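Reader: I am new to this structure. Please take me through one part of it closely.

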Amino acid sequence: MYTQKGQLDRDAMIRQYVPLVQRLAHHMIAKLPPNVELDDLVQVGMIGLAEALSRFEASQGVQFETFASQRIRGAMIDELREGDWMSRGSRKSQKDIEHAVHRLEQKLGRPPIESEIAADLKMSLAEYQSLLGRVRGTQLVYLEDMANTEEDDSFLDRHVADAEADPLSVLRDQRLRQALVHAIKGLPEREQQIMSMYYERDMNLKEIALVLGVTESRVCQLHSQSIARLRAKMRSH
């Protein structure tokens, strides 16, 4: 988009790519604790979009949307890193769930249901489901980070200090991808549906909730539980 003088029309470009910022913010918010506000992510993402417009050069051989997506995600993650959103308590809770899933799978020879996981953790079902909602952010981060076993290192420091870096690059390893696909196929049917809609169809939690006829918070709980199951299966990788 250019002005009559042949210059890039920044305002028109920003308007065109606002939906991209919103989509990336919706996708990221599901990975984060409830105290993170969607509007805050969108605002920071708009700054990343403006920066992308300033730095983009078509001669680099990359599409603008791809370049902008990296800048937008980088801006959002930088903001989250400064806010120190990933607490040690949440990490511990996530690992407690993961270990319970692993123990029960070894004992039962099948994926445990929610009530069994809750009982193993000595919680009521309601307490366990509430915990799933609270730890949703750390779980997906650890899925993306599962090839690294340095538990005290910060995922953000390792993978996104450079805004050009792709946080999902670890999943490009073919053996890891195959193992992940196999692990997803072993999830309970409803959790498979959620993972498919979220990661393959790029649907947000609200859209998934409408399809499944459940609340958005319930989708969040099931998503968190799916990630815990996957991490339990992917430890060897």
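This is a predicted model: local features need pLDDT of at least 70, side-chain atom pairs count only at pLDDT 80 or more; totals for chains, interfaces and linings use all residues.

Author: Residues are numbered from 1 along each chain as its sequence is written, and side-chain values use heavy atoms, with hydrogens and water left out.

Start with the whole. The protein has 12 helices and 0 strands. Helices are DSSP runs of H or I with at least four residues, strands are runs of E with at least two, and both are numbered from the N terminus. Of the 237 residues, 45% count as buried. Buried means under 20% relative accessible area, exposed means over 50%, and partly exposed lies in between, with a 1.4 Å probe and protein chains only. Contact means heavy atoms within 4.5 Å. Among contacts with a separation of 6 or more, 65% join residues 24 or more positions apart.

Now the close look: helix H1 and helix H2. H1 covers residues 10-29 and H2 covers residues 38-55. Their axes come within 8 Å and cross at roughly 135 degrees. Axes are lines fitted to C-alpha atoms, for helices over the stretch in contact, and angles run from 0 to 180 degrees between N-to-C directions.

Which residues make the contact? From H1 they include Met13, Tyr17 and Val21. From H2 they include Leu41, Gly45 and Leu49. The contact residues divide into 15 nonpolar, 3 polar and 1 charged. Here Ala, Val, Leu, Ile, Met, Phe, Trp, Tyr, Cys and Pro count as nonpolar, Asp, Glu, Lys and Arg as charged, and the others, Gly among them, as polar.

Two single residues come next. Ser93 sits in helix H4, residues 88-108. Ser93 counts as buried because its relative accessibility is 18%. Not counting residues up to four places away in sequence, Ser93 touches Leu131 and Val135.

Val211 lies in helix H11, residues 205-212. Is Val211 buried or exposed? Val211 is exposed, because its relative accessible area is 54%. Leaving aside neighbours within four places in sequence, Val211 is in contact with Met197 and Met203. The C-alpha atoms of Val211 and Ile194 are separated by 9.9 Å, and the two residues are 17 apart along the chain.
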